[in-house]
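Subject: The structure we talked about

Hello,

Here is the structure I promised to pass on, along with some notes to read beside it. Please have a look at it first and then carry on below.

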Amino acid sequence: MPRARILISACLIGEPVRYDGRARTLAQSIIAEWQAAGRLVPICPELVAGLGVPRPAAEISNHQTGSDVLAGAARVVTEGGIDVTELYMVGAAAAVAAARAGGCGFALLADGSPSCGSSFIYDGSFGRHRHLGIGVTTALLRANGIRVFADSDVDALAAAVK
């Protein structure tokens with residue numbers, strides 16, 4: 001039986017694609033093992049959607065979540081007030097397509113991101129205030145049956161993908 005493949009935020013494997021031009025590399029040995037075994041499918045939904053690196057920070061407005069964005073009830077905006085909702089939707093759809101093409105039933109995504117957050121995101125005030133919620137990509141992946149784990153939950157993911 002083939003081993004489960006995992007969609008992963010590209011920043012978590014060392015690619016400098018975050019909004020600030022940095023990576024957020026995970027140091028756990030299991031990540032390196034999965035990568036060496038060809039089990040990881042890296043993606044940065046924001047980069048795939050056409051946003052550059054670096055790019056202005058963006059947050060989901062008014063304490064809302066990625067599910068609200070998918071429902072058309074919330075927007076993703078930059079600190080300068082530019083609406084980038086459609087680009088985040090494009091990135092989320094690209095992540096679902098990559099997961100399907102790669103045979104991924106699981107995803108390991110960078111928490112806090114308006115795309116990839118899976119336990120917390122920022123509240124839209126640009127004051128670094130967190131709230132419980134998920135990003136746009138996480139919401140769409142989950143709606144399509146992909147189990148999403150935060151970068152702080154590598155052990156739980158490892159148990160799930162055995």
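A residue is called buried here if its relative accessible area is under 20%. By that cut-off, 6 of the 8 residues of helix 5 are buried, so helix 5 is largely enclosed by the rest of the structure. Please keep in mind throughout that this is a predicted model.

**Helix 5**

Helix 5 spans residues 136-143. Its buried residues are Val-136, Thr-137, Thr-138, Ala-139, Leu-140 and Leu-141. If you click on Leu-141, you will find that it touches Leu-7, Ala-95, Val-96, Ala-99, Ala-107, Leu-109, Ile-146 and Val-148, leaving aside residues up to four places away in sequence. After helix 5 comes Gly-145, which has a positive phi, near 80°.

In what order do the strands of the open sheet run? The order is 2-1-5-8, with 4 strands and parallel pairing. Strand 2 and strand 8 are the edge strands, each pairing on one side only. From one strand to the next, the twist averages 25°.

You can walk through the sheet pair by pair:

- Strand 1 (residues 5-9) and strand 2 run parallel and are joined by 4 bridges; Ile-8 has Pro-42 as its bridge partner in strand 2.
- Strand 1 and strand 5 also run parallel, again with 4 bridges between them. Here Arg-5 is partnered by Cys-104, and Ile-8 by Leu-108.
- Strand 5 and strand 8 (residues 147-150) pair in the parallel sense over 4 bridges. Leu-108 has Phe-149 as its bridge partner, while Leu-109 stands opposite Ala-150.

Are the residues of strand 5 mostly buried or exposed? In strand 5 (residues 104-109), 5 of the 6 residues are buried, so this strand is largely enclosed by the rest of the structure. Strand 1 is largely enclosed as well, because 4 of its 5 residues are buried.

**Two residues to look at**

Leaving aside residues up to four places away in sequence, Leu-108 touches Ile-6, Leu-7, Ile-8, Ser-9, Leu-12, Leu-26, Ile-31, Phe-149, Ala-150, Asp-151, Val-154 and Leu-157. Gly-91 is 17 residues from Leu-108 along the chain, and their C-alpha atoms are separated by 16 Å.

Val-48, in helix 2 (residues 45-48), can be viewed next. Val-48 is partly exposed, with a relative accessible area of 48%. It touches Ile-43 and Ala-94, again not counting residues up to four places away in sequence. Val-48 and Ala-92 are 44 residues apart in sequence, and the distance between them is 9.3 Å, C-alpha to C-alpha.

**The nonpolar cores**

Which residues have the most contacts inside the largest nonpolar core? They are Leu-7, Ile-60, Val-76, Tyr-88, Ala-107, Val-136 and Leu-141, in a core of 25 residues. Two or more residues of this core come from each of strand 2 (40-43), strand 3 (58-60), helix 4 (85-102), strand 5 and helix 5. Helix 4 gives the largest share, 5 residues. Another core lies apart from this one; it has 19 residues, including Ile-6, Cys-11, Cys-44 and Phe-149.

**Helix 1 and its neighbours**

Helix 1 (residues 29-36) lies across strand 1, strand 2 and strand 5, and runs at about 100° to strand 2. It also meets helix 6 (residues 154-161): their axes come within 10 Å and cross at roughly 45°. That angle makes helix 1 oblique to helix 6, and the crossing is left-handed. On the helix 1 side, the contact is made by Ile-30, Ile-31 and Trp-34; on the helix 6 side, by Val-154, Leu-157, Ala-158 and Val-161. Among these, Ile-31, Val-154 and Leu-157 are also touched by Leu-108.

Best wishes

Definitions and conventions
Residues are numbered from 1 along each chain as its sequence is written. This is a predicted model: local features need pLDDT of at least 70, side-chain atom pairs count only at pLDDT 80 or more; totals for chains, interfaces and linings use all residues. Side-chain values use heavy atoms; hydrogens and water are left out. Buried means under 20% relative accessible area, exposed over 50%, partly exposed in between (1.4 Å probe, protein chains only). Two strands pair if DSSP finds at least two bridges between them. A nonpolar core is a set of buried Ala, Val, Leu, Ile, Met, Phe, Trp, Tyr and Cys residues joined through side-chain atoms within 4.5 Å. Contact means heavy atoms within 4.5 Å. Axes are lines fitted to C-alpha atoms, for helices over the stretch in contact, and angles run from 0 to 180 degrees between N-to-C directions. Angles under 35 degrees count as roughly parallel, over 145 as roughly antiparallel, 65 to 115 as roughly perpendicular and the rest as oblique. A crossing is left-handed if the near helix is turned anticlockwise from the far one by less than a right angle, and right-handed if clockwise.
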